[in-house]
Amino acid sequence: MPTSRLVWQPVEDYLIHRDENQQVAAGTKRLNSFTAYTHLGSDFGFHGPAEHEIQWLTDEIVVHLGQQPEQWAGMWHSLAGQARNKDRVMDFTRAYPQAIQAKFQPRVKALMIEASGRGRIKVEIKAPTEEIRWSQTLEVKDAKCREFVYPISPETVRDGKLIVWTAEPGAEVTVASLRLGMEMPAMPYDVHVFLTSFAKMALCYSLDTGFVRDRAHIEEGAFESVSATGMYVLASAAAAQNDVGIVSQEYARWVLTRTHEAVGKLKTGRGLLPHFVRRQGDAYHIHPGTEYSSVDTAIYAQSMLLAATMLDVPAVVQDILRLVRSVEYDLLRLPDGHLSHGVADDGISLLPHGWQDWGGETALVMLMEGVANPSRLPPPMRTPGKAWQGTGFIPEIQSLFHPDFDSDEPDSHDGVRWLSVRRAMLGAQRAYVAKRWPHSPAAKEGIYGLSAGENRSGTGYYVGGVDLPDQKLVHPHYVLMSGVLHSQPAEIYALLQSMEKAGYFPPWGLVENLTVDGRSFLPMNGALNAGFEALGAYHLLAKNRSIPDSVYQASRNSPPMRQAMRLFYSQPEPVQAAAVNIPGE
């Protein structure tokens, strides 16, 4: 039977994330709120009269302080949201977002700080009012880095806002990491994987706005992702199913209707939703410099359609169908007949590139138009069965929503045997690191995932793939996206357990990326890849337990989706889902 266990969640590992030629200054001068964040999806900073004496030139914080009384300095770290948002706190008796049911909530029971040198360091946990909820002073006396571990009573910290460490006058110390010991409740590991992946995405969702922030650590209203918002609604619907129960049915329906209301107020461009939005005054508008996007509209609409079907909210189903049918497809068509990526932020100017390349994104756009115009036959995809650059997520994204592409029947549109192509990609992904970097930690652990996401420093989008040479950056979301392709799900869970031990899969979910040499990883909580991970983890859970997959059931039971799917396949019979209890609960 599963038992509770203590898992260490980094608050900060103090890794340097910068471009190769970027210089790093000392003190507060180096911080940028868009790229400086904790592993909890919150912000951090320096404090104290001597804060500019702090050096951060390598993967550790170095403090050299004089003996004068004013020579003290350290760092603060928000435990929830940005520090200036006093309404966001962490309850140590239930550390995950409040929507997650009590029996799945971890308890924070310990703190670890890794330090070396000589001097005293005070560590405090503060409430939003600056009241001290917990405090400990440690005496550092070792040149070699040492782990200082202290117990915490969760009941004493119900409103934790900041963790602060302060080096006292005369200290010459180095701080390498700060961590929370989270007691995970007893549950089977496959449930744990879905729970942590869902919690990562829930961290990005705003109960106040109904939108998902593109990154958990940025301010609400600054940069929200419409497609990730839809995927969070779908993940919540999956998490609410009777055979999972991570959130309640009431919460999932509330998220569905709240988000539907919020997105319904957005201005569209040629019927398309914005890719990214920001809040101006009391309303949301497209973020300047971004686009009204065909693929992001397709992801949002299909997420919402399936979620509303799962949760039996027919009014939302009808509204989403109206949204899809209101898209001005003929005005979005390029001369070669393919749909454009969208229109510019003026809502009119057609983007010159279209959905021509073979893959799941193109399939989702075709299915969206198929819901509106089932008789229209789009032009063939370019290079059928060949994902551009061998990028991992391209042949998998469609299978987050629909079961049909698990077939080796040649599809009616391009003649592609999707299952064989996906399995071939998985084989190439697993072989790449082992073949190109055989002595690397990633190869030894069996880690793979040449896909797309944030670059190494978190300052831009990076697209990798197995067809590119000398790839060193792994995006592990592909491990979960492709998980259902494995005949033995236990192999994937064993890999994830190994990644957990290596620090790549802590309680707040998978890291955004990691280098094959193991020297660096990016702990950013990004919403898009969190959505991929949460939905992939759900499908893997359903396969591992041989329980009905409620997302796939919703696709099978949606007449508009079945009609649109005729573009690729003849229709399976609808299957009614049945509730199954998880063993070991």
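Predicted model: local features only at pLDDT ≥ 70, side-chain atom pairs only at ≥ 80, totals over all residues.

How much space lies in the second largest pocket? The answer is about 750 Å³, where a pocket is an open set of points on a 1 Å grid over the protein atoms alone, where a 1.4 Å probe fits, with protein on both sides within 12 Å along at least five of seven lines, and a volume is the space filled by probe spheres set on the points, joined across faces, edges and corners. Of the 34 residues that line this second largest pocket, meaning those with an atom within 4 Å of a point, the closest to its centre are Ala80, Asp87, Arg88, Val89 and Gln98.

Residues are numbered from 1 along each chain as its sequence is written, and side-chain values use heavy atoms, with hydrogens and water left out.

The largest pocket has a volume of about 1,100 Å³, and 44 residues line it, with His275, Glu361, Phe393, Tyr461 and Leu528 nearest its centre. Among the elements that each supply at least two lining residues are helix H4 (294-310) and strand S18 (461-463), whereas the largest share, four residues, comes from H11; helices (H or I, at least four residues) and strands (E, at least two) are DSSP runs numbered from the N terminus.
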